[in-house]
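Reader: I would like to learn how to read strands, sheets and a chain contact in a model. Please take one feature at a time.

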Amino acid sequence: MTVRVQLPPVLRNAVGGERWLEADGTSIAAALSDLAHRHPALGLHFFDEQGAIRRNIIFLHDGTMIRAAEALAHRVNPGDEIVLTNALAGG
Amino acid sequence: MSVALVVGTPKGAAILASKDRKNWSERFVLQGWPVTASAQDDKGRIYAAVNSPSYGVAIFVSDDLENWKQLSAAPRYRPEDRGNPEHHRIVGQMDFEGKLKSGGRFVDQIWTLHWAHGALYAGVSEAGLFVSRDRGESWQPVDGFNEHPTRATWQPGFGGLGAHTILSDAKNPNRMWAGVSAAGFFRTDDGGKTWAAKNDGVNGDTGQCVHSVTHDPRNANVLFRQEHRGVHRSDDGGDTWRVIEDGLPVCELSDGHRCSFGFASAIDLKTRNVFVVPLEGDNFRFPRGGQLAVYRTGDGARWQPLTDGLPANCFTAVLRGAMAADQGDPGGIYFGTASGTVYASADCGDRWKEIASGLSRITSVGAYSA
């Protein structure tokens, strides 16, 4: 099951500048795990030492905001688009 | 002499380069990443550490200071490692709903990178050391340090519990030092297996807020230490320390103690001159009267103020990692301010010149042959 994942600009260096990646998985967390397996540098950014999705990452799933804590169970369908962004603060 | 500076800020790194140390070019790399530390290995490769509250820490490498590649590995604790709750609170290690992470120990920042004896070392926050023997491709925790018997007594400073200083002995690969805010200064004599606290003469055993330490690795046992509570020297590898503040501005700290406060230090290896930037105590944290001044000493007996070319009415700070020496002849000394200006001296501190401005808070400066 393939979904499309858009990376934020700061993470694209880890995959040669690519903006969109294709990933397999039936949930957001599974898609991230697939990407981390194929691109270990991305895995550093997605998951903390305890294997949890970093908590300030926010996902937009076809326009709906999904927080990290919800990503494990959040189902995705073939062809869906997931946009990675993050909680923003400061100047 | 060609020199390149890697100036770390929360927005990325300014690369300042010069062939003559008079005229400087500037470009801005690693945009969007807070750049917290840098180092150069024996093949000239530059390593830059970045961190993000959203995406964690990583290390980028470059052979030309223009093209940067992220390494696939970075220092990380084990899932079972337990963290310090007070450190979690200080560094805001919580989600945006305000919930603290529970229990674990996390690398939230790389404070320093240090190349020695064919290995790359990283000092991190939450405080710990990691080593890579394959130029950053994989990392191993220095368990003798990270699981130190006194770790339960380590308390974070204002900036958290961070291992920010690593020093090595050019003649003895088994001897190294590490500084932790606010746990103190430690030394290993067995290649990192065991570490002994080295704070005698500063106060107590652990619980010290060491800010930075510098030395000549070829004469490694003579150490100069900028502590929260004053400037100290050791002639025995850190076994004992004494205050060396003759000529330095002394101020009153928030607890009433009088000493010379500051963060950054650097050494010119050719002359063994040592440099610090005193600040007006832990309440104010800017140069006395707003006169930005570097102080220099040859042996610690007497400090000399250096202000030629440095501004008055400068109410900013120089942070612990924001000073470096290029080891040229004469020595080039560089520092960046918390308000984003970089100053350079090409004559070992006699005269200073602004070489960059308009940056954000400068947290690290590395000076490298280019």
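Reader: Is strand β27 of chain B covered on one face or on both faces?

Author: In a regular strand the side chains alternate between the two faces of the sheet. Both faces of β27(B), residues 333-336, are covered. I333(B) and F335(B) are buried on one side, Y334(B) and G336(B) on the other. A residue is buried if 20 or more other C-beta atoms, placed from the backbone, lie within 10 Å of its own. This is a predicted model, in which local features need pLDDT of at least 70 and side-chain atom pairs count only at pLDDT 80 or more, while totals for chains, interfaces and linings use all residues. Residues are numbered from 1 along each chain as its sequence is written, and chains are lettered from A in the order in which they are written.

Reader: Which strands pair with β27(B)?

Author: Strands of a sheet pair through backbone hydrogen bonds, either parallel or antiparallel. Here strands are DSSP runs (E, at least two residues), numbered from the N terminus, and two of them pair if DSSP finds at least two bridges between them. β26(B), residues 323-325, pairs with β27(B) in the antiparallel sense over 3 bridges, and A325(B) has I333(B) as its bridge partner. β28(B), residues 342-345, is also antiparallel to β27(B), with 4 bridges; there Y334(B) is partnered by A344(B). The hairpin of β27(B) and β28(B) has 5 residues between the strands, and G340(B) takes a positive phi near 85 degrees.

Reader: What is the strand order of the open sheet in chain A?

Author: The order of its 5 strands is β2-β1-β5-β3-β4, with mixed pairing. β2(A) (20-24) and β4(A) (64-67) each have a single partner strand, so one side of each is left without a neighbour in the sheet. From one strand to the next the twist averages 30 degrees; axes are lines fitted to C-alpha atoms, and angles run from 0 to 180 degrees between N-to-C directions. β1(A), residues 2-6, is joined to β2(A) by 5 bridges and runs antiparallel to it. Within that pair, Q6(A) stands opposite W20(A).

Reader: How many residues of each chain are in contact?

Author: The size of an interface is often given as the accessible area lost when the parts come together. Here the count is of residues: 20 of chain B are in contact with 19 of chain A. Contact requires C-beta atoms, placed from the backbone, within 7 Å. The chain B side has 11 nonpolar, 6 polar and 3 charged residues. Ala, Val, Leu, Ile, Met, Phe, Trp, Tyr, Cys and Pro count as nonpolar, Asp, Glu, Lys and Arg as charged, and the others, Gly among them, as polar.

How values were computed
Two residues are in contact if their C-beta atoms, placed from the backbone, lie within 7 Å. A residue is buried if 20 or more other C-beta atoms lie within 10 Å of its own, exposed if 12 or fewer, and partly exposed in between; C-beta atoms are placed from the backbone.
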